[in-house]
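Please take me on a tour of this structure. I have it open in a viewer and would like to know what to select next.

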Amino acid sequence: MRSFEADFAVPAGYLNTPSIGIPPAHVADVVEEAVSRWRRGGDSPPVFDESVAVAREAFGRLVGVPGDTVAIGASVSQLIGNVAMGTPDGTRVLAAAGEFTSVTFPFAGHAHRGVTVTEVPLDDLPAHVDGYDVVAVSVVQSADGSAVDIEALREAAAASGARVLLDATQAAGWQPLRLAWADWVVGAGYKWLLSPRGAAWLAVRPDALERTLPAGANWYGGDDPWSTVYGLPLRLAGGARGLDLSPVWFAQAGAAAALPYLASLDLAAVRAHCVDLAGKVLAGLGLPPRDSAIVALEGDDAVFERLRASGVIAGRRAGKIRLGFHLYNSPADVELVLDAFE
């Protein structure tokens, strides 16, 4: 199918983007060519530096931050580890109940230093910010697509002085984001950003750098990586670049094709497309709208098997059936879901 100026080979009924996004043809072609060059011995490591730079800049555009404030890595938890390591002893962290553990575990792993993580219901989170040092929360929740009240959180953090870490993994790529106010913004590429697994990014506001330590300090974090591959002393780049982790080459190659494409789209239109399809499922089942591209439905194993039999590929998360609608979905996918629930 062709959608949003790109060609996709996604089968009807694929609604599992919150787990794995499917690339458009031009992204898959870039990755396939990279693998082919590898197979022929046609690459050298510096070849991928341009892909890293392009994807870094495009991630910044997608979340509304300057590209030079973005560090690269392979996973969300790995990058949040830099933030957790920089928290002082006794730091009090506030999180949403049922938050994806890649957001909370990096902090919980520092309990031996007196770092505590307190969970509250997502809707109540902005009202509880006062009294905490760090708020760590997903912009859109993985389990059910619920969204944090960004403006209320921003106001509460400004009033209390709390630092804010936002995980944009389930939001970037299908909705416009302007998150430069947050201290840290992290995201993984293999879901809504339609990239291979192994590419992730962490945007660090300049005044939060002193609270962000290079937990995985390595050669690629050097100002000129190809001159920092041997020997001491430690010599990391200034700014977010000093937090860079050695890139997963093929993942970065795919991201360098996928993220600029997504950043070039009218993301308000993308959001409307995705939310409209999700809303049609909810309306068809007599449920209230959720204003999200992600839908979590009650359904037992029999319902899940009917969905599978009808060609719907979905996820099971937190005891519910999870569906996600992206660029490549259409009303035909809605009908497949509704038919399975009859």
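This is a predicted model: local features need pLDDT of at least 70, side-chain atom pairs count only at pLDDT 80 or more; totals for chains, interfaces and linings use all residues.

**Stop 1: Gln 252**

Select Gln 252. Its place is in helix α6, residues 249-264. Is Gln 252 buried or exposed? Gln 252 counts as buried, because its relative accessibility is 0%. Now show what surrounds it. Leaving aside residues up to four places away in sequence, Gln 252 touches Ser 51, Val 52, Ala 55, Ile 72, Gly 73, Ala 199, Trp 201 and Pro 247.

**Stop 2**

Next come the salt bridges. Side chains of opposite charge can pair when their charged atoms come close. The count here is 16 salt bridges.

Select Asp 183 and Arg 205. They form a salt bridge, and the closest N and O atoms are 3.1 Å apart. Asp 183 sits in the loop between β7 (163-167) and β8 (184-188), while Arg 205 sits in the loop between β9 (200-204) and α6, so the pair ties together parts that are 22 residues apart in sequence. Colour the two by accessibility. Asp 183 is buried, at 4% relative accessible area. Arg 205 is partly exposed, at 27%.

**Stop 3: Asp 207**

Asp 207 is partly exposed, with 42% relative accessibility.

**Stop 4: Asp 301 and Arg 316**

Move on to Asp 301 and Arg 316. What is the distance between the closest N and O atoms of this salt bridge? It is 3.3 Å. This pair links distant parts of the chain: Asp 301 is in helix α8 (residues 301-309) and Arg 316 is in strand β11 (residues 315-317), 15 residues apart. Asp 301 is exposed, at 54% relative accessible area. Arg 316 is partly exposed, at 31% relative accessibility.

Now go back and select Arg 163, Asp 183, Arg 205 and Asp 207 together. Salt bridges that share partners join these four into one network.

**Stop 5: the negative patch**

Switch to a surface view. Which residues form a negative surface patch? Select Asp 123, Asp 124, Asp 149, Glu 151 and Glu 155. Asp 124 is found in the loop between β5 (116-120) and β6 (134-138). It counts as partly exposed, because its relative accessibility is 36%.

Technical notes:
Residues are numbered from 1 along each chain as its sequence is written. Side-chain values use heavy atoms; hydrogens and water are left out. Patches are made of residues with over 30% relative accessible area and no salt bridge: like charges are joined within 9 Å, nonpolar side chains (Val, Leu, Ile, Met, Phe, Trp, Tyr) within 5 Å. Accessible areas come from the Shrake-Rupley method with a 1.4 Å probe; for residues, only the protein chains shown count as cover. A salt bridge is a side-chain nitrogen of Lys or Arg within 4 Å of a carboxyl oxygen of Asp or Glu. Lys and Arg count as positive and Asp and Glu as negative; His and the chain ends are not counted. The place of a charge is taken as NZ of Lys, CZ of Arg, CG of Asp or CD of Glu. Helices (H or I, at least four residues) and strands (E, at least two) are DSSP runs, numbered from the N terminus. Buried means under 20% relative accessible area, exposed over 50%, partly exposed in between (1.4 Å probe, protein chains only). Contact means heavy atoms within 4.5 Å.
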